[in-house]
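Let's take a walk through a protein model together, one piece at a time. Keep the picture open while you read, and look for each part as it comes up.

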Amino acid sequence: MASLIQPVVISGPSGSGKSTLLERLFKEFPDCFSFSVSHTTRKPRPGEEHGKHYYYVTREEFDQLIKDSGFLEHAEFSGNKYGTSKKSVQEIMASGRLCFLDVEINGVKSIKAADMKPRPRFIFVQPPSLEALKARLQGRGTETEESLQKRLATAQEALDYAKQPGSYDHVIINDDLDVAYEKLKGILIADITEIQKAKLKAQK
């Protein structure tokens, strides 16, 4: 039964706090979730591991996977390609864990168009405002003025899409991290309980 639990597609602009929420969820329930590891044509950054952070492949390998219909979604950012493989998602679902897919707005649209079975749940993590998001991004000290404007433009597009009826099953406004976390956990608690029961049963 656990293998049929709906995957979760989570999306949100950079600076929305999505990663912080997921880290907290995975820490509280370490045996219940797994991330779908994406493929990318970019080079590993210091400390990144193949198969853990990404599957690092050549453009030729990536293009072959596209030809073989191996991706649920794929896109190109800053000259590098990124994609979510069907095999990665299927392996996690077969393991009895809940599969998380962390994707951008175009990935959300592609996954919807792919008509996955079982249908994923779509969750959007929203900053309280674009102004608050800008302040968070500036506070990181890692953005140039150009990259900041690009991120804000991408965020505005994501916010506009989230307002459309039926775009997401749940929208979590991350104004207060504790409140946002409890909402995320509440959405998933039935699945968490089911996974934990299945694991206990398997151990007996």
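Before we start, a quick word on terms: helices and strands here are runs assigned by DSSP, numbered from the N terminus; a helix has at least four residues and a strand at least two. Also keep in mind that this is a predicted model.

The UniProt record, an unreviewed entry, annotates residues 5-189 as "domain: Guanylate kinase-like". That span is 44% helix and 21% strand, and its end C-alpha atoms lie 12 Å apart.

Five of them make an open sheet with parallel pairing, in the order 2-7-1-8-9. Strand 2 and strand 9 (170-173) are the edges, as each pairs on one side only. If you compare neighbouring strands of this sheet, they are turned by 25° against each other on average, ignoring direction.

Zoom in on strand 7, which covers residues 98-102. Is strand 7 mostly covered or mostly open? Mostly covered: four of its five residues are buried. On one side, strand 7 pairs with strand 1 (residues 8-11) in the parallel sense, over three bridges. Three bridges also link strand 7 to strand 2 (residues 33-35), again in the parallel sense.

Carry on to strand 8 (residues 121-126), which runs parallel to strand 1 and is joined to it by four bridges. Look for Val-9, whose bridge partner in strand 8 is Phe-122.

Strand 3 and strand 4 run parallel, with two bridges between them, and Thr-40 stands opposite Tyr-56 in strand 4.

Which residues does Ser-36 contact, leaving aside its neighbours within four places in sequence? Ser-36 is found in the loop between strand 2 and strand 3 (39-40). The contacts of Ser-36 include Thr-84, Ser-88, Val-89 and Ile-92, and also Cys-99, Phe-100 and Leu-101. Ser-36 counts as buried because its relative accessibility is 9%, and buried means under 20%.

Next, let's see how two helices meet. Two packed helices are described by the angle between their axes and the distance between the axes. Helix 5 (residues 130-140) and helix 6 (residues 145-162) pack at an angle of about 145°, and their axes are 11 Å apart. Among the residues making the contact are Leu-133 and Leu-137 of helix 5, and Leu-152 and Ala-155 of helix 6. What kinds of residues does this contact of helix 5 with helix 6 divide into? Seven are nonpolar, two polar and two charged. The crossing of helix 5 and helix 6 is right-handed.

Most residues other than glycine have a negative phi, and most peptide bonds are trans. Ser-69 is not a glycine, yet it has a positive phi of about 55°. You'll find Ser-69 in the loop between helix 2 (59-67) and strand 5, and it is partly exposed, with a relative accessible area of 45%. The peptide bond from Lys-117 to Pro-118 is cis, with omega near -10°. Pro-118 sits in the loop between helix 4 (105-114) and strand 8.

Finish with Lys-185, which has its place in helix 7 (residues 177-203). Is Lys-185 buried or exposed? Lys-185 is buried, because its relative accessible area is 16%, and the cut-off for buried is under 20%. Leaving aside neighbours within four places in sequence, Lys-185 is in contact with Leu-25, Glu-28 and Phe-29.

Conventions. Residues numbered from 1 in each chain as written. Predicted model: local features only at pLDDT ≥ 70, side-chain atom pairs only at ≥ 80, totals over all residues. Heavy atoms only, no water. Axes fitted to C-alpha atoms, helices over the stretch in contact; angles between N-to-C directions. Left-handed = near helix turned anticlockwise from the far one by under 90°. Contact = heavy atoms within 4.5 Å. Nonpolar A, V, L, I, M, F, W, Y, C, P; charged D, E, K, R; others polar. Buried < 20%, exposed > 50% of the residue type's maximum accessible area, 1.4 Å probe, protein only. Pairing = 2+ DSSP bridges. UniProt positions renumbered as here; feature names shortened; annotations may be inferred.
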